[in-house]
Amino acid sequence: MAEQIYSQEIEFPFYFANLTGDMRLSSLVDAMLLISEKQLHESDSDSSEMVQRGLGWVVVQYHMDIKKMPTLGQKLKVSTRATSYNKYFFYRDFWIDDLDGNRMVDLSSAFVIIDVKARKMVSAAEKLTDVFGAEEITKIKRFARLREPKDYDIKKGQHIGYYNIDVNRHVNNSYYFDWMVDSLGIEFVEKHRAKSMDIKYDKELNIHSEPEVYAKIDSDTLVTTHWIKSDGELNAVAQITWEEK
């Protein structure tokens, strides 16, 4: 089955920017997910349509490489393709180019499908009627192995509000990026730009969760490790590599 690439041109809006005019990590992910939602809509498989069937898309892990961070007002071409799937996992790649065709961002991802009421994983192979040219595989694709550090440099409590909750009735994954980056402080964000990012989601947060955001900073390598916990359980862990501006 031939792969199906879905692309759309966008103009980087002001509300995607941080205080330096760079696109926020959360906005990068949102822009790419929006394109996949439009492709999924063509087969009645986007997030809102899946919920009507009692199902939901849940991301498990991302790996992102940023060659050049998009900046405010820039016109971009955002693309995606479903690459492969097995019994439980659905793998999808995303990328962002400038309008001259220069690659700026690459993102690889792993998703699962859950039963929204039972909050349990169901078979992706059985629930999808259109796999968008993805190849069926038996192996599990390996991402970075991320672990919670034994100590931390930063710890902050995080409030969850009504607008943090999405149609799957859990905290939208994009907010995790904002919370993690915010924990580093404005001065750090002003002076540094993300080069790569890995994140693994372990347990969902909901409206009743009381998460705490942790960070550990390696100033020599400019690598920050972030994790979120609630009720003593790990919800997500991430690692970001930065460069000085």
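Author: Let us begin with a term: helices (H or I, at least four residues) and strands (E, at least two) are DSSP runs, numbered from the N terminus. In that scheme, Trp-179 lies in helix H4. Please note that this is a predicted model, in which local features need pLDDT of at least 70 and side-chain atom pairs count only at pLDDT 80 or more, while totals for chains, interfaces and linings use all residues. Residues are numbered from 1 along each chain as its sequence is written, and side-chain values use heavy atoms, with hydrogens and water left out.

Reader: How many helices and strands does the protein chain have?

Author: The protein chain has five helices and twelve strands. Its radius of gyration, taken over C-alpha atoms, can be set against the globule rule, which is 2.2 Å times the number of residues to the power 0.38. The radius of gyration is 18 Å, close to the 18 Å that the rule gives for 245 residues, so the protein chain is as compact as a globular protein of that length. Along its principal axes, the C-alpha trace spans about 50 × 45 × 35 Å.

Reader: What share of the residues in the protein chain is buried?

Author: A residue is buried under 20% relative accessible area, exposed over 50%, and partly exposed in between (1.4 Å probe, protein chains only). Of the 245 residues in the protein chain, 51% are buried. For the surface itself, accessible areas come from the Shrake-Rupley method with a 1.4 Å probe, and for residues only the protein chains shown count as cover. The accessible surface of the protein chain is about 12800 Å², and carbon and sulfur atoms hold 46% of that surface.

Reader: How should I read the charges?

Author: Lys and Arg count as positive and Asp and Glu as negative, whereas His and the chain ends are not counted. The place of a charge is taken as NZ of Lys, CZ of Arg, CG of Asp or CD of Glu. Here there are 32 positive and 40 negative side chains, and the centres of the two sets lie 4 Å apart.

Reader: How many aromatic pairs does the structure hold?

Author: Rings of Phe, Tyr and Trp (its six-membered ring) pair if their centres lie within 6.5 Å; planes under 30 degrees apart count as stacked, over 60 as edge-to-face and the rest as tilted. The structure holds 16 such pairs. One of them joins Trp-57 and Phe-90, a tilted pair with 5.5 Å from centre to centre and 55° between the planes. This pair links distant parts of the chain, with Trp-57 in strand S2 (residues 55-66) and Phe-90 in strand S4 (residues 90-98), 33 residues apart. Trp-57 has 10% relative accessibility and therefore counts as buried; Phe-90, at 2%, counts as buried too.

Reader: Which kind of pair do Tyr-176 and Tyr-201 form?

Author: Tyr-176 and Tyr-201 form an edge-to-face pair, 5.1 Å centre to centre, with 80° between the planes. This pair also links distant parts of the chain: Tyr-176 belongs to helix H4 (residues 174-182) and Tyr-201 to strand S9 (residues 192-201), 25 residues apart. Both Tyr-176 and Tyr-201 are buried. One aromatic cluster includes Trp-57, Phe-90, Tyr-176, Trp-179 and Tyr-201.

Reader: What does Trp-179 touch beyond its neighbours in sequence?

Author: Contact means heavy atoms within 4.5 Å. Not counting residues up to four places away in sequence, Trp-179 touches several residues, among them Gln-158, His-159, Leu-205 and Ile-228. Trp-179 has a relative accessible area of 7%, so it is buried. For the chain as a whole, consider contacts with a separation of 6 or more: 70% of these are between residues 24 or more positions apart.

Reader: Where do Leu-222 and Asp-231 lie?

Author: Leu-222 lies in the loop between strand S10 (212-218) and strand S11 (223-230), and Asp-231 in the loop between S11 and strand S12 (233-244). Leu-222 has a positive phi of about 55° although it is not a glycine, and Asp-231 likewise has a positive phi of about 55° without being a glycine. Leu-222 is buried, with a relative accessible area of 17%, whereas Asp-231, at 71%, counts as exposed.
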